[in-house]
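Here is a friendly briefing to read alongside the sequence and the coordinates.

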Amino acid sequence: MSEANSMNLISALSQEELQAIDAEIAHVPYRDAVAIDALKIVQAHRGWVSDESLSAIAAHLHMSADELDGIATFYNLIYRRPVGDKVILLCNSISCWIKGCDNLQQRITEELGVELGETTSDNRYTLLPVTCLGACDKAPVMMVGDELHEDLCEESIIRILGGSTTP
Amino acid sequence: MPTIRIDGVEYEMEAGKNLLESCLSLGLDLPYFCWHPAMGSVGACRQCAVVQYLTDEDEQSGRGRIVMGCMTPVTDGAIFSLDGDRAKGFRESVVESLMLNHPHDCPVCAEGGECHLQDMTVMVGHRDRVYRGQKNTHRNQYLGPLINHEMNRCITCYRCTRYYKDYAGGTDLAALASHDHVYFGRHQEGVLESEFAGNLVEVCPTGVFTDKTLVNDYTRKWDLQSAPSVCTGCAVGCNTVPGERYGRLKRVHNRFNAEVNGYFLCDRGRFGANFVNNDERLESPGLRNQTGSYDPVDHHHALQVMAEACSGARVAGIGSPRASVEANYLLRNLVGEDNFSPGFNDREHKLVNLALELQQASSAVTPDIRSIESADVILILGEDLTNTAPRLALALRQSVRNKAFEMAADLRLESWQDAAVRNLAQDQLSPLFIAATGSTRLADVAEENITLAPQNIARLGAAVAASISGHAGEDLEPEIAGHVEAISTALRAAKRPLIISGTSCGNAEVMQTAADVAEALCQSGQQTMLTLTVPEANSLGQAMLAGPDSPSLGKLAADGNFDVLVILENDLYHRAPEPEVERLLATADTVIVLDGLDNRTTSAASLVLPAASFAETEGTLVSLEGRAQRHYPVFAPKGERRPAWVWLLACSKELGLSTAADLHHFDDITRDCAANIADLAGITGAAPDHHFRNAGVKIPRQPHRYSGRTAMRADISVHEPKQPVDEESPLAFTMEGLNRSQPGSLLPFVWAPGWNSNQSLHRFQSEVGGPLRGGTAGMRLLGPGQAKESGPRENPPAFSPTQGQWQLVPRYRIFGSEELSALSLGVAELCEDGYIEIRADDALGLEVGEGDGLNLNDGLATLEVKINNSIAAGCIGYAAGHSGTANLTPGENISLQKAQGWKRRRPQLIGSDRSTEIGSGND
Ligand code: SF4
Ligand code: SF4
Ligand code: FES
Ligand code: FES
């Protein structure tokens, strides 16, 4: 890639994002070692990682977009498509499954009108499954945004989601 | 040598190998997917599972553990079971699980019939499918005109990315997503960038990556007629197996040669042979009539016309570095030594002969590819190898890993432990220094990339040579001086230094100083290798045949006054400046041209003879390594087409030439040439002669499952014509015969019971990855030379740019710089029209931008502008070999003006277009 071309690509990132990424680079021997952190930084700013952002990060880390996309798509918590304001990560791994996560999912679907992988039309929520949140003793559990909600039942789900839908 | 026991039988094994390759070398069937002889082991697919026992008692009681054969070193006393129920059951279940998402679409899959997955499935005995769930499906990508993508067939062995990224240095193919969704492809659709992407076709054990030109004109492997052949794409001379059906060349596969190309080809070689099917192929001899068009005549008539024209006349012959030694030799005899030009343009003539002379006179060894891969410090002067001798560039990508192998050896880590060795070395590479006129495609693995004008590359070389031999260097330009120390220190410390240069930058001093560096290293007692590239498949053979004193094209034009000019497979308009060609053609009243494809030179002829392509004739070619290699007809030439040697021999006989009296067979010509041309004395050793028989029988070109032969022409007539008889070689155009253990030069295809894919190769090797059992193909004509005494050479003069003038430097492209491959389906799509590469500051001064037109020397040529800031200051690059560039001579100083009225070929992109272009992939 020519220098001009790569500068052009990198310009898709904000100064803030670039500074945060550079701060990570300062700690490692190889630029591409911060690939995951850089993806997380951009996702924190934009909610997801678009193709344009991905190419920009790759150019900044001196990697190919293909290589970085291999990393980005490996992790299900790096979002390569737009998501709502908050992501609901509903655990469907063994403990939560035993404790009835399937019913909970149905409840959420009824309440919000979205299936797994979909975003509500008001763009508030995206519903995704996740494999174990490490809180099996409090199963069933889910995360909404950054918050973990434990010992869920159909009522608490409505409360949590209803609560956050009311302005 | 460790002794191990497998299923109760003791075997002596070679130390340092893994169990899988050892088993295969023994002829035992152990299935595998992810391991590859050239890429080592990662233990990803679990297919090569065996049971290992710690003690004899364990073996008796069956208490062992499952291990992966490809990850298990053979150690003395180890006990294994391949055939036990546990091992077999495990391997069967691996195939079953790998096949869960496989579409079972063999009937419509291009891999079918030569598929490693089919073979392994049969080998493990997996038959009944119990999985009733839904299969995952993927969307396929457009990967360019050469390679087809069908992701559903993937078994996630990871061979493709390991080959593409790790082995070939490509960056645009990745393993995407995870678990059940893993996808091997590009970030976005588009042409695969690597010049070696085509090997994916052979590396992928399933039908994910297949040859698109084959897919579009399909024939199964068992229906292909093949012959051992040699790539004519460049001077490396990679060994190939082209396959034919219905008179069409269907595809080219790699033919293993441990010393030339190993397991891999470049994409010019794999996809660039399709010109054989080009519509512009000449069908019959043509005689020009008064109106200037051509009347087709039969070959008797054509020969008579030729003989009449030549009889008693002054005849000059122009040979060709893309024609065989034999055809050139016959032409030389026909016209006489003094009237024979090897067909080089003036500069080429000087450079190719110099390349030969330097190698003959050097104490350094001209290395084969294995030796190249063993080099630990490399200096390249003036070559962009990936585009001039591509396969060597792929080899250099392995050479720079020697540092990693050294680090591994220190830890007693076997080199086949691929993941471990790569992990250990990270980005540590053996030093590779590249000095070129602009950036090269090996830049990513080079320690230093130095951009200089050709004269200064030569000065750098001279300074390195002086520094190695301890001479005080003179004052150097700072852009050169800064590199001398690092390069000479590294070279002096090297165990196996390799110096590479060649004809491609068009400067004799560059090659000369490269040879000086090699000589200086030899003098200081180091085992040194020297590789000099030349342009074409038989350039070196042509220099050996004709020598430096033979006339170049320009010389012939200057002193020529001939009645007849016979031109052999050489489009002069492609090779030399137009005015020179016109002058040359005007020297003779009659111009006779032998060639395969219609071109400007055939259009200037009064008589045209249609010549067989490399795929329809036998011939000997001498590679840049000085290796004489034989290629054989894959199929008989159609209609009135004849091999050039047949035309020339018939004409010589018609003329009653004494030199041709004793020549009857192709072999006679080879022998006669070997007897008369000292440098070519070894060519008879390139392959056995036509008397050779394999255990008493000929070698079949068709596999024994070849089908439908009797029906092939049934739409025309139900009477099956007789198969062509091959009187010139030990090969036959039939299924009958024996294809096993014959000399490597005679291997038409690989197949073994249970091994239908190209993986059957190991059954033809002395050991896995080792040379062919019948011996390595080809005969080396260059031995280590005797250095001539010479004192320190005078330093070449420095480059001094003139105001308002630029020096022309040729720049090469794997697709487009070679004439014939550019006429191949698929490849043609990737070739560009001629262009000029110029630095942004120069462009600014000339008020041009990317896509504008530039006028060179007021009308010498008008070419499109590409901005390339890596071009050496004061120089401009041009796309060598491309349309519109034949008039340009390397090293020439030229002036530039913006071309008025130039029409852009592509709309100009501005910044905001670029970002929407990127953004459009988001939905
Ligand atoms: S595409 Fe082919 S080589 Fe790559 S992982 Fe799949 S089966 Fe293996
Ligand atoms: S490196 Fe040269 S000889 Fe080898 S396949 Fe490529 S073009 Fe053909
Ligand atoms: S299974 Fe749900 S948190 Fe572990
Ligand atoms: S070949 Fe051994 S694990 Fe794949």
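**Domains of chain B**

In chain B, 16 residues of domain 2 are in contact with 12 residues of domain 3. Please keep in mind that this is a predicted model. The points below start with these domains and move on to the cores, a ligand shell, a helix and one leucine.

- The domain assignment of chain B lists domain 1 (3-98), domain 2 (364-527) and domain 3 (806-921).
- Taken over C-alpha atoms, the centres of domain 2 and domain 3 of chain B are 29 Å apart.
- Between them, domain 2 and domain 3 of chain B bury about 1000 Å², with 52% of it on carbon and sulfur atoms.

**Nonpolar cores**

- The largest nonpolar core has 175 residues, and B:Tyr163, B:Met306, B:Leu491 and B:Leu680 are those with the most contacts inside it.
- Helix 19 (residues 508-523) of chain B gives the most to this core, contributing 9 residues.
- At least three residues of this core come from each of domain 2 (364-527) and domain 3 (806-921) of chain B.
- Beyond its neighbours within four places in sequence, B:Tyr163 is in contact with residues including B:Met39, B:Phe196, B:Phe264 and B:Leu394.
- There is also a second, separate core of 36 residues, which includes B:Met13, B:Cys115, B:Ala752 and B:Trp755.
- As background, nonpolar side chains tend to be buried together in soluble globular proteins.

**The shell around ligand 2**

- Among the residues that surround ligand 2 are B:Cys231, B:Cys234, B:Cys238, B:Cys266, B:Arg268 and B:Arg391.
- By class, this shell has 6 nonpolar, 3 polar and 2 charged residues.
- Helix 8 (267-271) and helix 14 (390-399) of chain B each supply at least two residues of the shell around ligand 2.

**Helix 10 of chain B**

- Helix 10 (residues 325-335) is mostly covered, with 11 of its 11 residues buried.
- The buried residues of helix 10 include B:Glu326, B:Asn328, B:Arg332 and B:Asn333, as well as B:Leu330 and B:Leu331.
- Just after helix 10, B:Gly336 takes a positive phi of about 90°.

**A look at B:Leu830**

- B:Leu830 sits in helix 26 (residues 827-830) of chain B.
- B:Leu830 counts as partly exposed because its relative accessible area is 23%, while buried means under 20%.
- Not counting residues up to four places away in sequence, B:Leu830 touches B:Pro145, B:Leu146, B:Val191 and B:Phe815.
- B:Glu736 is 94 residues from B:Leu830 along the chain, and their C-alpha atoms are separated by 40 Å.

Key. Residues numbered from 1 in each chain as written. Chains lettered and ligands numbered in written order. Predicted model: local features only at pLDDT ≥ 70, side-chain atom pairs only at ≥ 80, totals over all residues. Heavy atoms only, no water. Helix = DSSP H or I, 4+ residues; strand = E, 2+ residues; numbered from the N terminus. Buried < 20%, exposed > 50% of the residue type's maximum accessible area, 1.4 Å probe, protein only. Contact = heavy atoms within 4.5 Å. Core = buried A, V, L, I, M, F, W, Y, C linked by side-chain atoms within 4.5 Å. Domains from an automatic or database assignment. Near = heavy atom within 4 Å. Nonpolar A, V, L, I, M, F, W, Y, C, P; charged D, E, K, R; others polar. Buried area = accessible area lost by both parts, 1.4 Å probe.
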